[in-house]
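User: Hi! Could you take me through the pockets of this model and one of its sheets, with the reasoning behind each label?

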Amino acid sequence: ACPGRFSNYGFGFPSEQAPGVQELFGCAHKRVAVIREPDDHSKWTGTAVGYGDSMQYQELFGVGEFAEHRVFPAYYLQTMLPTSAKPILMIEDDVAGCVNRYGKGQAYLIGTLLGHAELSYNDHRNGAFLTSILRRAGISLDRVGKLQRRQRVLGKKTAWFLFNTTREIIEETFSLAGFKSARDLFGEELPQQNGNARVKIEPMDIHCILLEA
């Protein structure tokens, strides 16, 4: 929410947007407010002091290709006036999310914070919404079996960060094709056989595997 509101010197722009932001996202800023939490909880917003200092909680609803989605807004709620962008999220009659074609890609502006819902309220709808955006861009999850993976490459060396985000112990076997060695970052042995290695990761744990070509 609210990208480019302040300059590199910390001063706000009169238009609420830095030069180029409107062109990138295809919309002008309309309003920003603090939005309260469901049932007026205060896990992050604090207690309302006076009339109009925050707005009542409402979920955002998708339109067009995103009509099946609902989004849990947190803290900020920015509404916007599309110029070339296409609305994808609404709150009542206001646009709270849009997508704009820019160059060879697309720029999404979502007028709220998306991480709070899952961490504080165990609400998974925002994750489903983001997954839908990624799929439209041709991006899929990088996995080793049931483990999520993030990769970093430097020359002939590769680091795999393997995440077990489940409640169960996960063991997975992976191919070492293209690599001559593999070891755990902390020196734990990786059982290897017939060009494959096996890793065992406890619930909610992370391993880093270092591979060298």
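Analyst: Gladly! This is a predicted model. In it, the largest pocket is lined by Gly127, Leu130, Thr131, Leu134, Arg135, Ile139, Ser140, Leu141, Asp142 and Arg150, and its volume is about 300 Å³.

User: What makes these residues the lining of the largest pocket?

Analyst: A lining residue must have an atom within 4 Å of a point of the pocket. Gly127 and Arg150 are among the residues that line the largest pocket, so each has an atom within that cut-off. Helix H3 (residues 125–136) gives the largest share, five residues.

User: How are the lining residues of the largest pocket divided by class?

Analyst: There are four nonpolar, three polar and three charged residues. Gly counts as polar, so Gly127 of this lining falls in the polar class.

User: Which residues line the second largest pocket?

Analyst: They are Leu114, Gly115, Glu118, Leu119, Asn122, His124, Asn126, Gly127 and Leu130. Helices H2 (116–121) and H3 each give two or more of them, with the largest share, three residues, from H3. The volume here is about 200 Å³, and the classes are three nonpolar, five polar and one charged.

User: Now the sheet: how do you know that S11 and S14 pair?

Analyst: Pairing takes at least two bridges. S11 and strand S14 (residues 196–201) have six, in the antiparallel sense, so they meet that cut-off. Glu171, for one, has Lys200 in S14 as its bridge partner.

User: And why are S11 and S13 called edge strands?

Analyst: The order in this open sheet is S11-S14-S13. Strands S11 (170–175) and S13 (192–193) each have a single partner strand, so one side of each has no neighbour in the sheet.

Definitions and conventions: Residues are numbered from 1 along each chain as its sequence is written. This is a predicted model: local features need pLDDT of at least 70, side-chain atom pairs count only at pLDDT 80 or more; totals for chains, interfaces and linings use all residues. Side-chain values use heavy atoms; hydrogens and water are left out. On a 1 Å grid over the protein atoms alone, a cavity is a set of points where a 1.4 Å probe fits but cannot get out, and a pocket is an open set with protein on both sides within 12 Å along at least five of seven lines; lining residues have an atom within 4 Å of a point. Grid points are joined across faces, edges and corners, and a volume is the space filled by probe spheres set on the points. Helices (H or I, at least four residues) and strands (E, at least two) are DSSP runs, numbered from the N terminus.
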